[in-house]
Amino acid sequence: MDTKKIVMIILIAAIVCAAAFLITAQHNTTQKNVTQVNNTTNITKNVTNNTNVTNATPEEEYASQTASESSASAHESDPEFGTDEYVDRWDESQKGDDSWAYTHDQPVKSENGHDYKRMYNPDTEESYWYQMR
């Protein structure tokens, strides 16, 4: 074969490969944008559709209300936030397998112009006051 023909074949092959690459890259970018738009739309629809939806029977609504009221009464028996009893209850919850501390605010205090929050070290099983900045 002639050298000119070989160069032309290589040049044409390079152009075809470059065109195929650009078309594929453009398609992937377009597909990614469409997917992002669809995901955003689906998330928006899910949030919209999941608000104010209630298909509960009267018995289920009563059970839910009763559970809510018993939960509220349990919170009424909790120690008052900021008291030593509250800190003790929080410490006990951190040391045990109790989830009370995860459903209540972390104890804090102010002393001598400094703010502290209650911390727990599971390695040493010690609770302590940590100075916040």
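Modeller: Helices (H or I, at least four residues) and strands (E, at least two) are DSSP runs, numbered from the N terminus. This is a predicted model, in which local features need pLDDT of at least 70 and side-chain atom pairs count only at pLDDT 80 or more, while totals for chains, interfaces and linings use all residues. Residues are numbered from 1 along each chain as its sequence is written, and side-chain values use heavy atoms, with hydrogens and water left out.

Biologist: Which pattern does the chain follow along the sequence?

Modeller: The pattern reads α-α-α-β-β-β. That comes to 3 helices and 3 strands.

Biologist: How is burial read, and how many of the residues count as buried, in percent?

Modeller: Buried means under 20% relative accessible area, exposed means over 50%, and partly exposed lies in between (1.4 Å probe, protein chains only). Here 11% of the 133 residues count as buried. Accessible areas come from the Shrake-Rupley method with a 1.4 Å probe, and for residues only the protein chains shown count as cover. The chain exposes about 11100 Å², of which carbon and sulfur atoms supply 54%.

Biologist: Is aspartate 91 buried or exposed?

Modeller: Aspartate 91, a residue of helix H3, counts as buried because its relative accessibility is 8%.

Biologist: What is aspartate 91 in contact with, leaving aside its neighbours within four places in sequence?

Modeller: Contact means heavy atoms within 4.5 Å. By that rule aspartate 91 is in contact with Arg118 and Ser127. Tyrosine 128 is 37 residues from aspartate 91 in sequence, and their C-alpha atoms are 9.2 Å apart. For the chain, take the contacts with a separation of 6 or more: 21% of them join residues 24 or more positions apart.

Biologist: Where is glutamate 126, and what does it touch?

Modeller: Glutamate 126 is in strand E3, residues 126–131. Not counting residues up to four places away in sequence, glutamate 126 touches Met119, Tyr120 and Asn121. Its C-alpha lies 9.5 Å from that of glutamine 94, a residue 32 positions away in sequence. Glutamate 126 is partly exposed, because its relative accessible area is 49%.

Biologist: How is a surface patch read, and which residues make the nonpolar one?

Modeller: Patches are made of residues with over 30% relative accessible area and no salt bridge; like charges are joined within 9 Å, and nonpolar side chains (Val, Leu, Ile, Met, Phe, Trp, Tyr) within 5 Å. A salt bridge is a side-chain nitrogen of Lys or Arg within 4 Å of a carboxyl oxygen of Asp or Glu. Met8, Leu11, Ile12, Ile15 and Val16 make a nonpolar patch of about 490 Å². Leucine 11 belongs to helix H1, residues 3–49, and counts as partly exposed because its relative accessibility is 46%.

Biologist: Which residues gather in the patch of negative charge?

Modeller: Lys and Arg count as positive and Asp and Glu as negative; His and the chain ends are not counted. The place of a charge is taken as NZ of Lys, CZ of Arg, CG of Asp or CD of Glu. The negative patch on the surface gathers Asp84, Glu85, Asp88 and Glu92. Glutamate 85 lies in helix H3, residues 84–95.

Biologist: What is the phi of asparagine 112, and where does this residue lie?

Modeller: Its phi is near 55°, a positive value in a residue other than glycine. Asparagine 112 lies in the loop between strands E1 (108–111) and E2 (114–121), and is exposed because its relative accessible area is 73%. Glutamate 125, in the loop between E2 and E3, is not a glycine either and has a positive phi of about 60°. Glutamate 125 counts as exposed, because its relative accessibility is 54%.
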